[in-house]
Amino acid sequence: MIRRKLEENFFRVLMVLATLIVGGSFFLIVGTIVYKGVPFMNWDMVTKIPGGGFYIGKEGGVLNAIIGSLYIAGGATVLGLLISIPVAIYINMYLGGRNVVANSLRIAFDVLFGIPSIVYGAFGFLIMVYFGIRASLLGGIVAVTLLVIPILVRTLDEVIRTVPKELRDASLALGATRWEMSKVIIRQIRPGVFTAILLSFGRAVGDVASVLFTAGFSDNIPTSLHQPAATLPLAIFFQLGSPVEEVQGRAYASALILTIVVLIITILSSVLAKQFSKNNIR
Amino acid sequence: MQIRLLKDKIYSKLMLVLTVLSVSVVLVIGIGLYLKSGPVLDHSSWWTLLSSSQWKPLKGLFGFFPFVMGTLWVTAIAIIIALPLCLLTSFYITEYAPNRIRKILVPFVNLLSGIPPVIFGVWGVLFIIPLIQDHIAPHFVEFSTGYSVLAGGIVLAVMIFPLIVSIVCEVLNTIPRELKDASLALGATKWETIRKVSLRKAKTGIVAATVLAISRAFGETIAVLMVCGNNAVTPHSVFDPGYPLPALIANNYGEMLSIPMYDSALMFAALLLFIIIVLFNVVSRLIMARLERKLAL
């Protein structure tokens, strides 16, 4: 009897410890980044592009990478939405949502979601070589779009599935075509679309491997789709590899910027999801 | 009237085309990578490529054994660390934690999943590497720089925490309340109920989560690349540097066009990753889809 009680308590303690490690790892990571990044943070980092000799510790900032990241993540999210909203609607409205074909499509998108970004990067590179595009903003956007489509489709799909079936039945009963019914549904899922946008944007901003071959790297802010663009994660990666202490410090500061951006996006998406869902029929 | 119906038809066809196109990306990637790795596959067989450890691109020798082993070591370490921790955490969250704590805990696990890989890499360099170099390695080996498969495994383990925890929690939540109540009513302690009832019921779900986590760990590039040491030698202990496949691809793209067959060999590495990950994903997604359908009934 005592032994059973002991066993219970022993595992209880183990569970609390494990939870502390898993939950605490977030604070450990963010804490490390803040602790190392803050001393190197200054206005130059976010308002200036790299000057000559930036990579040996001279003045400048990573504005080029911040803007480049926003361009690529923004472009990819917009392009991704244009493709994935119709796909999500098609799966749910035209295929009926709950049958073998729809479920196989879901599994296919889940598989696409699982494909590592380095493979998307390599594949994007193949496409670019095939069409003769050089590493550029355009290439980066295409590769990252491939990466975010499965996220968008699956998130939107989940959102559409929460819309009450009665709503579809009602509009169909009034004689609407399935396309007209879809318009009613789209109005209902607007908050969910916001969440999906933020999720995909967050993923796109943080990804390195897919833009490694496709977007190139540049010290300037790109002014056309055919110019190479820097991204923040790649800038962090390059700066960290430098032997100069000052430049390494800038990598920490850049990591801090990226962390803040991504955390704001993540928190915003959950707050927005809650805010908007108030007006929904449930 | 006619126009409305026509509109519906056109839109439905357009959507069908988009759906088919975006799904077929899986196939197109597979075929593209296979075609591109053709030259190196003509030169030597799958088996020689995978089992040889001679990596000398300049001489046309492409042995992937060290990279496969590097990937396996890092993934295995990550799973060994992450799985028990995540299982215990999931049990705590679903069975023990009061609502108040659960409400604080779950968002933080989600926040962790939003952190980009490169940040995990920076954290690995700043925190894990010195930890291993100064505090862990000296107890076991004479010298280690800290850049090792162990470091890669630890960083990866933290990266896959949210994935495993969220799936396992979901699986645990679907176990019927009555089943647990019955066990508790017979006088079993909570832990005994978990071990003998929940664990048995959740087995398939946990396997699916693990397979998914393995595939995620397999393909992770930049975080592992930053902490693994990237030495093309088969690792023999956890303190040896390793060179996983994704890191190989990422590190060498710049020079690959100038050496014959090099790009083909790297595309073969990507193909290998692609095949393994698609297989793993299909298997675990099928398991989970079946679980979901069973519960819907």
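Predicted model: local features only at pLDDT ≥ 70, side-chain atom pairs only at ≥ 80, totals over all residues.
**Entry 1: the chains**

I began with chain A. I counted 12 helices and 0 strands there. Read along the sequence, the pattern is α-α-α-α-α-α-α-α-α-α-α-α. Chain A has 282 residues, and 56% of them count as buried. Its accessible surface is about 12400 Å², with 68% belonging to carbon and sulfur atoms.

Then I turned to chain B. Its secondary structure is 13 helices and 2 strands. Chain B has 297 residues, of which 54% count as buried. I looked up the spans of its C-alpha trace along the principal axes: about 75 × 70 × 35 Å. The accessible surface of chain B comes to about 13800 Å², and carbon and sulfur atoms hold 67% of that.

I also checked contacts along the sequence. In chain A, among contacts with a separation of 6 or more, 73% are between residues 24 or more positions apart. For chain B, 72% of the contacts between residues at least 6 apart join residues at least 24 apart.

**Entry 2: the interface**

How much area do chain B and chain A bury between them? I found about 6900 Å², 81% of it on carbon and sulfur atoms. In chain B, Met15(B), Leu126(B) and Trp191(B) lose the most area to chain A. Together they make up 9% of what that side buries. The contact takes 76 residues from chain B and 73 residues from chain A.

**Entry 3: salt bridges between chains**

I found 13 salt bridges over all chains. Across the interface of chain B and chain A there are 4.

I looked at Arg4(A) and Glu192(B), whose side chains meet at 2.8 Å, N to O. Arg4(A) lies in helix H1 of chain A and Glu192(B) in helix H10 of chain B, so this pair joins two chains. Arg4(A) is partly exposed at 23% relative accessibility. Glu192(B) is buried at 13%.

Next came Glu7(A) and Arg195(B), a salt bridge of 3.5 Å, N to O. This pair also runs from helix H1 of chain A to helix H10 of chain B. Glu7(A) is buried, with a relative accessible area of 17%. Arg195(B) is partly exposed at 36%.

I then noted Asp110(A) with Arg285(B), at 3.8 Å, N to O. Both belong to a network of salt bridges that also links Arg106(A), Arg154(A), Asp157(A), Glu158(A) and Arg161(A).

**Entry 4: a salt bridge inside chain B**

Lys180(B) and Glu95(B) form a salt bridge, with the closest N and O atoms 3.1 Å apart. Lys180(B) is in helix H9 and Glu95(B) in helix H5, so the pair ties together parts 85 residues apart in sequence. Lys180(B) is buried at 8% relative accessible area. Glu95(B) is buried too, at 15%.

Where is Asp207(A)? I found it in the loop between helix H9 and helix H10 of chain A. Asp207(A) is buried yet has no salt bridge. Its nearest side chain of opposite charge is Arg203(A), 4.7 Å away.

Leaving aside neighbours within four places in sequence, Asp207(A) is in contact with Ser117(A), Leu147(A) and Pro233(A). I followed Pro233(A) to H11(A), where it is one of the buried residues.

Conventions:
Residues numbered from 1 in each chain as written. Chains lettered and ligands numbered in written order. Heavy atoms only, no water. Helix = DSSP H or I, 4+ residues; strand = E, 2+ residues; numbered from the N terminus. Buried < 20%, exposed > 50% of the residue type's maximum accessible area, 1.4 Å probe, protein only. Contact = heavy atoms within 4.5 Å. Areas by Shrake-Rupley, 256 points an atom, 1.4 Å probe, with all protein chains shown as cover. Buried area = accessible area lost by both parts, 1.4 Å probe. Lys, Arg positive; Asp, Glu negative; His and termini not counted.
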